[in-house]
Amino acid sequence: GDWKGMRQNLMPQAGKKAKAAAKPNLAIQLYNLKEDHNETKNVAAQHPDIVAKIEKLMRDEHTDSAEFPFPALDSL
């Protein structure tokens, strides 16, 4: 549809403090691509129902993997 939900900076990066890497920001950013082609305005706060649907989709479709671990999301 018109919506794009995303999370950023979930993987630990070299040079970051261990504490910061241990608690990634799991907030979902939401963009209305029909009205905001350049993804400049995060409208997540105005549409919690859509964010909830996207969060469920992300959780349901994620598969833990030993070959490609994703610590911020594995076993949520």
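Asp 60 and Lys 56 lie four residues apart in helix H2, so about one helical turn separates them. Their side chains meet in a salt bridge, with N and O at 2.5 Å. The term denotes a side-chain nitrogen of Lys or Arg within 4 Å of a carboxyl oxygen of Asp or Glu. Asp 60 is partly exposed, with a relative accessible area of 47%, and Lys 56 is likewise partly exposed, at 44%. In this report, buried means under 20% relative accessible area, exposed means over 50%, and partly exposed covers the range in between (1.4 Å probe, protein chains only).

## Basis of the model

The structure is a predicted model, in which local features need pLDDT of at least 70 and side-chain atom pairs count only at pLDDT 80 or more, whereas totals for chains, interfaces and linings use all residues. Residues are numbered from 1 along each chain as its sequence is written, and side-chain values use heavy atoms, with hydrogens and water left out.

The mean pLDDT (the predictor's confidence in each residue, from 0 to 100) of the chain is 85, and 83% of the residues reach 70 or more. Confidence is lowest in H1, with a mean of 52, and highest in E2, at 98.

## Overall architecture

The chain contains two helices and two strands, arranged along the sequence in the pattern β-α-β-α. Helices (H or I, at least four residues) and strands (E, at least two) are DSSP runs, numbered from the N terminus.

Of the 76 residues in the chain, 21% are buried. The chain exposes about 6,000 Å², of which carbon and sulfur atoms supply 52%; these areas come from the Shrake-Rupley method with a 1.4 Å probe, and for residues only the protein chains shown count as cover. Contact means heavy atoms within 4.5 Å. Among contacts between residues at least 6 apart in sequence, 50% join residues at least 24 apart.

Side chains of opposite charge can pair when their charged atoms come close. The salt bridges in this model number three. One of them joins Glu 39 and Lys 4, at 3.1 Å from N to O. This pair connects distant parts of the chain, 35 residues apart: Glu 39 belongs to the loop between strand E2 (29-32) and helix H2 (48-61), and Lys 4 to strand E1 (residues 3-6). Lys 4 counts as partly exposed because its relative accessibility is 30%. Glu 39 is also partly exposed, at 27%.

Arg 7 forms a salt bridge with Glu 55, their closest N and O atoms being 3.5 Å apart. Here too distant parts of the chain are linked: Arg 7 lies in the loop between E1 and helix H1 (18-22), and Glu 55 in helix H2, 48 residues away. Arg 7 counts as buried because its relative accessibility is 17%, whereas Glu 55, at 33%, is partly exposed.

Most residues other than glycine have a negative phi. Glu 39, although not a glycine, has a positive phi of about 55°.

In soluble globular proteins, nonpolar side chains tend to be buried together. The largest nonpolar core has seven residues: Ile 28, Leu 30, Val 43, Ala 44, Ile 50, Val 51 and Ile 54. H2 contributes the largest share of this core, three residues. Such a core is a set of buried Ala, Val, Leu, Ile, Met, Phe, Trp, Tyr and Cys residues joined through side-chain atoms within 4.5 Å. Not counting residues up to four places away in sequence, Ile 50 touches Trp 3 and Leu 30.

Asn 32 is located in strand E2 and is buried, with a relative accessible area of 12%. Its neighbours within four places in sequence aside, Asn 32 is in contact with Asp 2, Trp 3 and Val 43. The Asn 32 side chain reaches the backbone nitrogen of Lys 34 at 3.0 Å.

## The segment after H2

Asp 64 is placed in the segment after H2 and is partly exposed, with a relative accessible area of 39%. The C-alpha atoms of Asp 64 and Asp 74 are separated by 5.2 Å, although the two residues are ten apart along the chain. Leaving aside neighbours within four places in sequence, Asp 64 is in contact with Leu 73, Asp 74 and Ser 75.

The side chain of Asp 64 also makes a polar contact with the side chain of His 62, at 3.3 Å. A polar contact is a pair of N or O atoms within 3.5 Å; within protein, one must be able to donate a hydrogen and the other to accept it, and residues adjacent in sequence count only if both atoms are side-chain atoms.
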